[in-house]
Amino acid sequence: MDWDDMRVFLALARMESLGRAGQQLRLDPATVGRRVARLEEGLGRRLFTRSHQGYALTDEGARLLPHAVAAENTMAAAAQEAGEASTGLSGQIRVGAPDGCANYLLPQVIAAICEDNPALDVQIIALPRVFNLSRREADMAIGVSAPQTGRLSVQKISDYRLHLAASSDYLSHHPPIKKLADLRQHRIIGYIPDMIFDSELDYLSELGLERVALGSNSVAVQFNFIRHGAGLGVVHDFALPSAPGLVRILPDQFSLKRSFYLIRHLDDRRVSRLNRFAEILHKAIRKELAALEGVQE
């Protein structure tokens, strides 16, 4: 079995598009298609189905995927140990994260890690949903709750806090907020209720607020609504330093504590470079969280 064809198979399985897989591999889409067809012919199996949404793994493709990933990890580990790239971490690592973490916490953390490891490429996938590590959507993921099923390794990273917040401009032009009951006189910003993918994100139910006047499935969109004075909502404390015009509301009456977890496929615990990256990432996130939340003390 040709390793180069397996690399193409992995790229298409992850990107679900000939064009995007070609960009990742620096091949034209037609070449990606031919290489996958050659692999399918050699194996005597159909590995992908094509639809208007792109390329999806067949059952045969899904069975091949963990073996291809294991081969990829073995090749990467061999290259690392042989010192072919650098004395630090190298290769590509993909991290999935909820978009609040991905927008306001991970960029500076990952940038610092890559500064120390010039041969390392890191991709952050920010999606408002749970990542499927069994299908290798990412090498590891950060979640807001610990999965209870699957062949997964779960490590708690840290707690983090959230508070109600609004812009100082909004507060100066709307009725004062002295107690939680006063919130009903204000425009509330939050998640679209039927698009909350994890119960840990159902912040407003703890306030008894049912109406979301301005909603989005994206934390970044909610944050920008609040920053531009459109209303008030629940904000991560670690995001507040990036928007000095925001003010916490009733912090002594309402505060939420949630947790981040580092989630990995159990088989990847045998891959030394992923173990090293996970250890560095874990420590760096804890340190950055403490620094950003400390600004609000």
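Biologist: Why is Asp-182 called buried?

Modeller: Buried means under 20% relative accessible area, exposed over 50%, and partly exposed in between (1.4 Å probe, protein chains only). Asp-182 has 8% relative accessibility, so it counts as buried. This is a predicted model, in which local features need pLDDT of at least 70 and side-chain atom pairs count only at pLDDT 80 or more, while totals for chains, interfaces and linings use all residues. Residues are numbered from 1 along each chain as its sequence is written, and side-chain values use heavy atoms, with hydrogens and water left out.

Biologist: What makes the contact of Asp-182 and Lys-179 a salt bridge?

Modeller: A salt bridge is a side-chain nitrogen of Lys or Arg within 4 Å of a carboxyl oxygen of Asp or Glu. The N to O distance for Asp-182 and Lys-179 is 3.3 Å, so the pair meets that definition. Lys-179, at 46% relative accessibility, counts as partly exposed.

Biologist: How do you know that Asp-5 and Arg-35 form a salt bridge, and where do they lie in the chain?

Modeller: Their side chains meet at 2.8 Å, N to O. The pair links distant parts of the chain, 30 residues apart: Asp-5 is in helix 1 (residues 3-15) and Arg-35 in helix 3 (residues 29-43). Helices here are DSSP runs (H or I, at least four residues), numbered from the N terminus. Asp-5 is buried at 4% relative accessibility, and Arg-35 is buried at 16%.

Terms used
Helices (H or I, at least four residues) and strands (E, at least two) are DSSP runs, numbered from the N terminus.
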